[in-house]
Structure formats: structure tokens, C-alpha cells
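The sequence and the coordinates come first.

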Amino acid sequence: MTTLLEPPTGMFIDLPNELEEALIGLGSTLPPWSVEGTSLAYATIERYRAALDSAPLFEETVNTLLRMLGGEPGGYAVVRLRNIAQALGVGDRFLRLATAILAEVATPFQPFRRWPLWKELGTNLQASPGLSTGTGYNAFHMDLVNVTRPPDYTTLLCARPDPLGAGASILSDARAAVSRLTPTSRALLTDVAYSYGSFFDLSDVGEEYKPFPVLDGAPADLGFVRFTAKMLSASGLDEAHAHAAEELAGQMVAGQVSFTLQRGDLLIVNQHRWVHGREPLGAGQCDVAPEERRLLLQLFLRDRGAVGPYAS
Ligand SMILES: O=C(O)CCC(=O)C(=O)O
Ligand SMILES: [Fe+2]
């Protein structure tokens, strides 16, 4: 059949009606998941797979998703589970289904042991605006930039969009941004000169990486463009290296796409290829009741068998 298809560039997956209906039915039958160490238990993966395999067009849909997530220019996808969220709510039944779908991409795991598998990212008016739960612009970054083995995928499930209609997600093809840089900047970005953040209570992400190079020279599916715009203001960064990283930040913005996640949308980002962030939430959050403010749930994925020369 169509094995030579280019990766789709639409990046949104609307489920066929018959699959949606089957998943709504299955949502009530999936058992709670178990975690083994820091990963979704193998028994749960098998159990969920056996259940979803019977759903019409599930395999085809997963194949489409995998094509969107891998290979150039792919690297992110939004699976629209809006009707399922409408039917089931966004509680346990919905999270089990989302977990089952993601387990077909890679293994859900829990790098922050102190938080549950799905970590709530709510809206906190007291948080620094640019941080996860803040209300401001969250500039381009990859998650867990300062570890030797960052999660291969980061995923964000929208439980509640900003009622003020803002907070769009921003995405950019980091590899394409790098390709538009001058050779001088690219060379500077290979230097082990960048640092960001702390390393605390993390599991299965390797060691703290400090300082790190932005470009590691590894093939795209193994290495990373280790970037967070937040490191630009880190102390100790010399002017030449800061300038190269700023140029990269500029190219990421120049190539960005943006869209606003709706309730039930599941964004999956391949961290080897794309960076992500968020536009500011709507002004006037203090007039929105706390339980109505934007709420995302975050889950990380680890590629199966991802233990190569660039992992440690
Ligand atoms: O709020 C968002 O949409 C993105 C949050 C994020 O990227 C993060 O917490 O790492
Ligand atoms: Fe993030």
C-alpha cells in the first residue's frame, strides 16, 4: 500500500467516528494502570493494547501518528480526543485511554517520582509568569534540558483551555532552525558552554548535564537540540555563546507554528526534533475562578530500546 507516503504535515489527528465510538465504550472497561519502577507496567501496556487492538482503525491511526512524530519534517502531533472528553469527562477513564494511546508511541514514565504519572499543570497567579504554571509567555524550550537522557517525548493533554481564549501552544522545528544558522553560530552551539536549572529527585533521565552543548552532533533521532530560551539569561554565559543561542531562539520564533489546545486535545512532541512553549494566557485571570483556569496534564515518554551511544 502507501509505504512511501511523505510524513503528513497537518499534524492534527481527528479520529474516525467508528474508532471514537469504540474508544468511548472501551474507556469504561480499561483497568487502572500500574507503575513498575518509574515506567508504566508492562502488564498494563499489554492489557491496554489488547483492548485497543480490537477497535476499528486503531492500528491505522497509530501508524499515522507515528509517521507524524518521526522523520523530517515531522516531530509533533495533536490527537483530538474532544468528543471522547465530552462523552467520558477528563477523569480516570479518559486518562486511561490517553495513556493507552501514548503507550503505542513509547513507554509512559515518571521522571519526577514525587508527581503522579500525569502531572497537573494548572494556572498559578503567584508563579513566575514564564514558568509552566505561570500566566505569561513560556518561551521555546525542551523539557528536562539539563539531563543526559531527556524524555524522548513530552505530551500535554488539555483538560481545560484558558477560558479567556488565550495561551496558544507554540511549536518549532528545532532542526530546521539550526539549519538556518550561520556556520559560526552552529560551531559555537557545539561547545559545552550552556547551563540551565537544577537537578533534583529525577529518575531515568541519566545524569545532570552541566554545562551542556546545544548541539551534540548525534543523529537527529538520538541527539537533541538542547535548548531552552531561559538559559539565555543564565549568568556566566559569554557574549559569543549567548549571541549564537539568541540567533537560534530567533530562528525558532521565525519558524513557529501555533494553535490553541481545546479540551481533550493531546499534544505529543518529539523532543529530538521540535521545541515547544506557550503564548501568554488572557489578561484578567484574577477574575476567573481558580477551578475554571487553564489546566493541562503532562506525561513523558521514553522510546523503547533507546539505549544507544548517545544515551547514558
Ligand atoms: O503551558 C503550556 O502550554 C506549556 C507548558 C510547558 O511547556 C511545560 O510546563 O514544560
Ligand atoms: Fe515544556
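The model is predicted: local features need pLDDT of at least 70, side-chain atom pairs count only at pLDDT 80 or more, and totals for chains, interfaces and linings use all residues. Residues are numbered from 1 along each chain as its sequence is written, and chains are lettered from A and ligands numbered from 1 in the order in which they are written.

Helices (H or I, at least four residues) and strands (E, at least two) are DSSP runs, numbered from the N terminus. A residue is buried if 20 or more other C-beta atoms lie within 10 Å of its own, exposed if 12 or fewer, and partly exposed in between, with C-beta atoms placed from the backbone.

| Helix | Residues | Buried residues |
|---|---|---|
| H2 | 42-53 | Thr 44, Ile 45, Tyr 48, Ala 51, Leu 52 |
| H5 | 92-102 | Phe 94, Leu 95, Arg 96, Leu 97, Ala 98, Thr 99, Ala 100, Ile 101, Leu 102 |

In H2, Thr 44, Ile 45, Tyr 48, Ala 51 and Leu 52 are buried. They cover an arc of only 135° around the axis (taken from the directions from the helix axis to the C-beta atoms), which puts them on the same side of H2. The face turned away from that side carries the exposed residues Tyr 42, Ala 43, Glu 46, Ala 50 and Asp 53. Cover for the buried residues of H2 includes helix H1 (17-27), strand S3 (39-40), helix H3 (58-69) and H5.

H5 is mostly covered, with 9 of its 11 residues buried.

**Nonpolar core**

A nonpolar core is a set of buried Ala, Val, Leu, Ile, Met, Phe, Trp, Tyr and Cys residues joined through C-beta atoms within 7 Å. The largest one has 79 residues, and those with the most contacts inside it are Ala 77, Leu 97, Ala 98, Phe 227, Leu 248 and Ile 268. The largest share of this core, 7 residues, comes from H5.

**Thr 155**

Thr 155 is found in strand S8 (residues 153-160) and counts as buried because it has 26 C-beta neighbours inside 10 Å. Leaving aside neighbours within four places in sequence, its contacts (C-beta atoms, placed from the backbone, within 7 Å) are Leu 102, Leu 266, Leu 267, Ile 268, Gln 298, Leu 299 and Leu 301.

**Ligand 1**

Ligand 1 is surrounded by Leu 121, Ser 132, Asn 138, Asp 143, Leu 156, Ser 169, His 276, Arg 278 and Leu 296, each with its C-beta atom, placed from the backbone, within 6 Å of the ligand.

How values were computed:
Two residues are in contact if their C-beta atoms, placed from the backbone, lie within 7 Å. The expected span of a helix is 1.5 Å times one less than its number of residues.
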